[in-house]
Amino acid sequence: TMSGAALAIEIVVVFFLALFLLHRYGDFKKQQKMVLFGTLLAWYLCFLIVFILPLDVSTTIYKQCKIENEKQSTTPPMTTAFANLTSRNGTVTTKESLEKECYKPWSYIPDGIMPIFWRVVYWTSQCLTWLLLPFMQSYARSGGFSITGKIKTALIENAIYYGTYLLIFGSLLIYVAVHPNWHLNWYQLQTIGITAANTWGLFLLVLLLGYGLVEIPRSYWNASRRGHLLMKTYFKAAKLMTEKADAEENLEDVMEEVRKVSESIKYNHPLRKYIDTILKKCPTEYQEKMGRNMDDYEDFDDKQNAYPSEKSLVKLHKQVIYAVQRHNRTQVQWQILLEQAFHLEDVAKNETSATHQFIKSFVPQEPEGLVSRYLYTPTVEWYWECLLKQWFYRLLAVLLTLFSVVVVWSECTFFSTHPVLSLFAVFIQLAERTYNYLYIEMACFLTIFFLCTCVYSTVFRIRVFNYYYLASHHQTDAYSLQFSGMLFCRLTPPLCLNFLGLIHMDSAISHQEKEQTAYTSIMGSMRVLSFIADGFYIYYPMLIVILCIATYFSLGTRCLNLLGFQQFMGENDMTSDLIDEGKELIRREKRKRQRTEDGENRRREWKERYGNHREDYTRNRNVHSELKETNYSDSASAGSNRQAKYTRTNGKPERDRIELLQDAEPMDFNADTFKDDPLDAESGRHPPGGRYLSMSRSRIFDDV
């Protein structure tokens with residue numbers, strides 16, 4: 001039997017999917033275990049809702065079919081006789097033919113499992129999103145030095161979050177308490193709590209969905225236009241560079257303040273332990289600088305200096321955390337943007353290639369995988385990047401536009417059950433008749449996935465939320481991971497409830513006497529709060545139409561532009577200036593990277609050609625000199641004179657050569673970076689200059 005097997009398999013698969021994504025975006029080695037665990041749990045629970053809800057829908061359709069059969073089998077004989085006579089073609093049908101045969105879905109979940117499953121998933125995710133994750137986020141950013149201090153700060157900071165929720169919950173509670181027909185009990189309190197959370201979620205959901213339904217198809221269409229994406233990347237580079245410079249300046253200012261405080265409070269001062277805590281949060285290069293400037297032996301004197309208070313140190317600690325986090329964020333975003341710009345420039349160059357081989361400006365930093373080595377070859381990459389990709393994006397943009405139109409139409413008409421106007425409900429009901437459960441589940445999953453993509457990608461696109469970002473290759477910071485987990489848990493349940501409304505599976509909205517899904521039964525009967533079920537849940541989603549129109553005509557972008565927040569607008573003079581600025585910045589970064597790469601290649605070539613030969617020569621020379629010292633100890637003075645004479649005669653040309661090569665070096669050259677010089681093995685036997693000398697010598701024939 002397959003009873004519950006599909007559910008068990010999905011639970012395991014979804015866990016590994018969440019783990020894989022967290023590994024891709026987070027950093028298991030550097031980030032705190034509590035942050036990683038909280039994010040993993042949040043993502044896992046949200047993915048479970050998205051993946052398991054389609055199974056709940058197919059199981060509910062099967063149960064509904066069985067209930068209808070039971071009803072027909074218990075109808076009185078007179079009703080059956082009348083039904084037999086009033087068939088369309090006049091032929092007499094038997095009672096057995098009226099009964100439908102119910103096919104059990106492949107993913108059928110036995111009774112009693114789903115309600116418990118949804119209860120655990122829903123309430124755990126709500127505890128995470130409303131209590132634990134916001135608290136953990138504020139706790140991590142708090143400037144307090146003690147646990148109680150951090151907890152106090154976290155509670156004060158989250159008062160706004162808790163306040164908005166309690167306001168909605170309190171208003172609904174008063175409404176129910178005042179109503180004469182209702183008596184408050186635990187079940188109704190639970191329903192009010194869920195409704196408050198869903199109302200909050202739906203309010204934000206519709207705003208984000210209205211933007212995403214238009215912007216995602218449009219972004220794919222624009223990506224298919226040659227040059228458009230590159231221009232936009234140049235524009236982003238100019239804006240991000242300003243922010244990056246600002247973040248660096250801010251970090252410098254904060255570090256200067258830390259340095260002053262660190263110098264005023266010496267090692268034997270009671271507040272020194274707080275300074276050490278602050279220093280640990282500073283970037284490594286600043287820690288080393290400050291460490292060098294410290295004088296261990298200087299005692300503090302209470303009378304001479306005015307020392308900062310503990311309160312001011314807490315404030316400074318918080319400033320350091322914010323400054324470092326902002327600096328790291330802009331650095332990561334800048335690197336991602338550079339990679340995008342270099343890739344798009346490569347695509348533009350390769351479009352005219354006669355060889356049909358995709359040539360990259362820089363060697364990829366990651367090692368080549370099996371796929372890129374055997375399947376995604378330079379030829380395949382050329383055909384994809386320069387020929388097929390734009391047509392694929394155009395087709396995808398058209399399909400997503402159609403999907404968006406269907407969503408908008410269904411959001412505006414899902415309250416109408418006779419006739420059924422919601423297109424999603426029409427498709428699901430057609431599949432119900434043929435018992436095509438696999439189609440039903442796939443349709444449900446794809447729809448929920450599309451809605452989730454529209455909502456969540458909007459959050460990370462909008463400038464207001466630029467404080468948070470999701471970057472692959474383990475580059476997402478802890479705050480963004482926690483924020484994403486918090487947001488996913490807050491928006492996924494109301495989004496899925498809204499979807500069930502679209503396909504007429506939520507009886508509180510459709511007002512049909514149909515079997516409820518286990519998911520809606522957990523959400524509680526919204527009839528306790530009829531004005532929410534019959535009013536807000538039905539009419540508020542219609543606002544999507546207005547938001548979609550506003551997004552289509554870029555009203556938000558135009559308003560922000562007028563307010564002084566520069567946005568990418570094709571016909572604007574300011575935009576073209578920023579594009580030119582961004583182009584120059586990318587060109588400069590490209591030259592810098594090429595110089596670095598050329599230097600690395602030359603060093604590698606030199607090491608491969610002469611490294612082993614020089615190592616042998618050095619070893620033999622040292623052995624020979626040791627033998628000489630042992631055998632001719634009596635003639636040491638004469639030998640030293642000869643050596644001095646030799647050094648004098650050869651010194652001038654050597655010095656000239658060093659000076660000449662130092663002038664010819666590129667800007668990024670730094671002799672200190674040569675850690676793996678073969679002569680370093682014998683550094684104890686040579687003067688410090690030997691290391692630089694050998695390097696200079698190695699560079700004479702570089703360009704030959």
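## A guided tour of an all-helix model

The chain's secondary structure comes to 25 helices and zero strands, where helices (H or I, at least four residues) and strands (E, at least two) are DSSP runs numbered from the N terminus. You are looking at a predicted model, in which local features need pLDDT of at least 70 and side-chain atom pairs count only at pLDDT 80 or more, while totals for chains, interfaces and linings use all residues. Residues are numbered from 1 along each chain as its sequence is written, and side-chain values use heavy atoms, with hydrogens and water left out.

**The whole chain**

Start with everything on display. Of the 704 residues, 42% count as buried; buried means under 20% relative accessible area, exposed over 50% and partly exposed in between, with a 1.4 Å probe and protein chains only. Among contacts (heavy atoms within 4.5 Å) with a separation of 6 or more, 78% join residues 24 or more positions apart.

**Stop 1: H2 against H16**

Select residues 33-73 for helix H2 and 437-461 for helix H16; they pack at about 145°, with axes 9 Å apart. The axes are lines fitted to C-alpha atoms over the stretch in contact, and angles run from 0 to 180 degrees between N-to-C directions. This crossing is right-handed, the term for a near helix turned clockwise from the far one by less than a right angle. Now show side chains: the contact includes Val50, Phe51 and Ile61 of H2, and Tyr437, Phe445 and Ile448 of H16. By class it has 14 nonpolar, one polar and one charged residues. Here Ala, Val, Leu, Ile, Met, Phe, Trp, Tyr, Cys and Pro count as nonpolar, Asp, Glu, Lys and Arg as charged, and the others, Gly among them, as polar.

**Stop 2: the cores**

Next, select Trp118, Leu213, Ile503 and Tyr519, the residues with the most contacts inside the largest nonpolar core, which has 100 residues. Such a core is a set of buried Ala, Val, Leu, Ile, Met, Phe, Trp, Tyr and Cys residues joined through side-chain atoms within 4.5 Å. H2 gives the most to this core, with 18 residues. Centre on Trp118: beyond its neighbours within four places in sequence, Trp118 is in contact with residues including Leu48, Ile52, Asp56, Tyr519 and Ile522. A second, separate core of 19 residues includes Met255, Leu271, Ile275 and Cys282.

**Stop 3: aromatic pairs**

The whole structure holds 24 aromatic pairs. Rings of Phe, Tyr and Trp (its six-membered ring) pair if their centres lie within 6.5 Å; planes under 30 degrees apart count as stacked, over 60 as edge-to-face and the rest as tilted. Phe15 and Tyr44 are edge-to-face, because their ring centres are 5.4 Å apart and their planes at 85°. Phe15 sits in helix H1 (residues 5-25) and Tyr44 in H2, 29 residues apart. Phe15 is partly exposed at 30% relative accessibility, whereas Tyr44 is buried at 16%.

Then pick Phe403 and Phe450, with ring centres 4.6 Å apart and planes at 20°, so this pair is stacked. Phe403 lies in helix H14 (residues 378-413) and Phe450 in H16, so parts 47 residues apart in sequence are tied together. Finish here with Tyr220, Trp384, Phe392 and Tyr393, which form one aromatic cluster.

**Stop 4: two histidines**

Phi of His356 is near 60°, a positive value in a residue other than glycine. Find His356 in the loop between H12 (310-350) and H13 (370-375). His504 also has a positive phi near 60°, in the loop between H17 (478-502) and H18 (507-510). Which is the state of His504, buried or exposed? His504 is buried, with a relative accessible area of 1%, while His356 is partly exposed at 28%.
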